[in-house]
Amino acid sequence: AKGDEKETCLKRAAEIGAKLAATQNKAGFWAHEYPNAFCTAAVLYGLQQAKAAGAAIDETMIARGVAALKKSRKDGRQPYSAGRPASSAKSTSARSAMCDVVLYAAKEITEEEMAASVEMYWTWLKNSEAVRVCDYHSDEELGGFFFWHGFYHTSEAAAALSKEKALPVLAKTQEHLLLIPEWDGSWIDSHELGKCYGTAMGLLSMKRARKYAEPRK
């Protein structure tokens with residue numbers, strides 16, 4: 001966006017940021033049903049992007065959220081909900097990289113630590129993929145409805161790595177996306193959320209992969 005359109009977008013982003021500030025809890029987390037790392041990371045990633053684009057975002061709000069994620073992180077793993085112990089590598093795999101890209105942007109962890117979380121996601125992707133079209137927690141903390149949330153944000157984390165580290169991961173991202181579309185070209189995880197959501201997240205992930213990786217021939 002440019003000119004007046006950009007100013008409108010930045011103003012709207014600042015308004016959203018102010019509303020998000022009102023929903024952040026005292027510990028620094030955001031919630032859907034309960035305070036947790038994955039909602040907090042998604043909010044913080046958007047706020048960091050908005051601030052980098054020039055929107056007036058409260059730095060204190062971001063700092064509190066980053067501190068919450070840093071405190072809940074243990075050996076690269078995050079708990080399912082705030083206040084619980086960190087989950088196993090398998091169960092945390094779909095949320096660790098999205099938390100780490102926020103912490104990396106805030107200079108709270110190293111690139112190597114974020115790269116390890118991205119690798120952990122791909123190590124356990126087979127488990128997430130196995131329950132992708134299941135509408136509940138079908139493998140302990142893994143549930144189909146979380147697939148695209150984890151896949152998209154992990155592709156964003158991969159893109160934040162140095163080019164040497166990012167390219168192989170984003171090439172795999174593109175390859176996997178081309179393996180799992182529905183017969184009509186859409187993508188889906190939860191049937192309750194439907195094809196619109198899954199397809200949008202798939203396209204966003206593909207756009208990120210194609211921007212950095214060589215197109216498949």
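When we sort residues by class here, Ala, Val, Leu, Ile, Met, Phe, Trp, Tyr, Cys and Pro count as nonpolar, Asp, Glu, Lys and Arg as charged, and the others, Gly among them, as polar. What you have above is a predicted model, where local features need pLDDT of at least 70, side-chain atom pairs count only at pLDDT 80 or more, and totals for chains, interfaces and linings use all residues. Residues are numbered from 1 along each chain as its sequence is written, and side-chain values use heavy atoms, with hydrogens and water left out.

Let's start with the open spaces. A pocket is an open set of points on a 1 Å grid over the protein atoms alone, with protein on both sides within 12 Å along at least five of seven lines; a cavity is a set where a 1.4 Å probe fits but cannot get out, and lining residues have an atom within 4 Å of a point. Points are joined across faces, edges and corners, and a volume is the space filled by probe spheres set on them.

The largest pocket holds about 270 Å³ of space. It has 15 lining residues, and the closest to its centre are His32, Phe38, Tyr80, Phe145 and Phe146. Helix H2 (37–53) and helix H4 (89–105) each give two or more residues to this lining; helices (H or I, at least four residues) and strands (E, at least two) are DSSP runs, numbered from the N terminus. By class, the lining splits into 9 nonpolar, 3 polar and 3 charged residues.

Now for the second largest pocket, at about 200 Å³. H2 turns up again, giving the most to the lining with 6 residues. Among the lining residues are Cys39, Tyr45, His153 and Glu156. The classes here are 5 nonpolar, 3 polar and 1 charged.

Finally, look at how two helices pack. H5 (residues 111–123) and H7 sit at an angle of about 145 degrees, their axes 10 Å apart; axes are lines fitted to C-alpha atoms, for helices over the stretch in contact, and angles run from 0 to 180 degrees between N-to-C directions. Contact means heavy atoms within 4.5 Å. Met114, Val118, Tyr121 and Trp122 in H5 meet residues of H7 including Phe147, Phe151 and Ala158.
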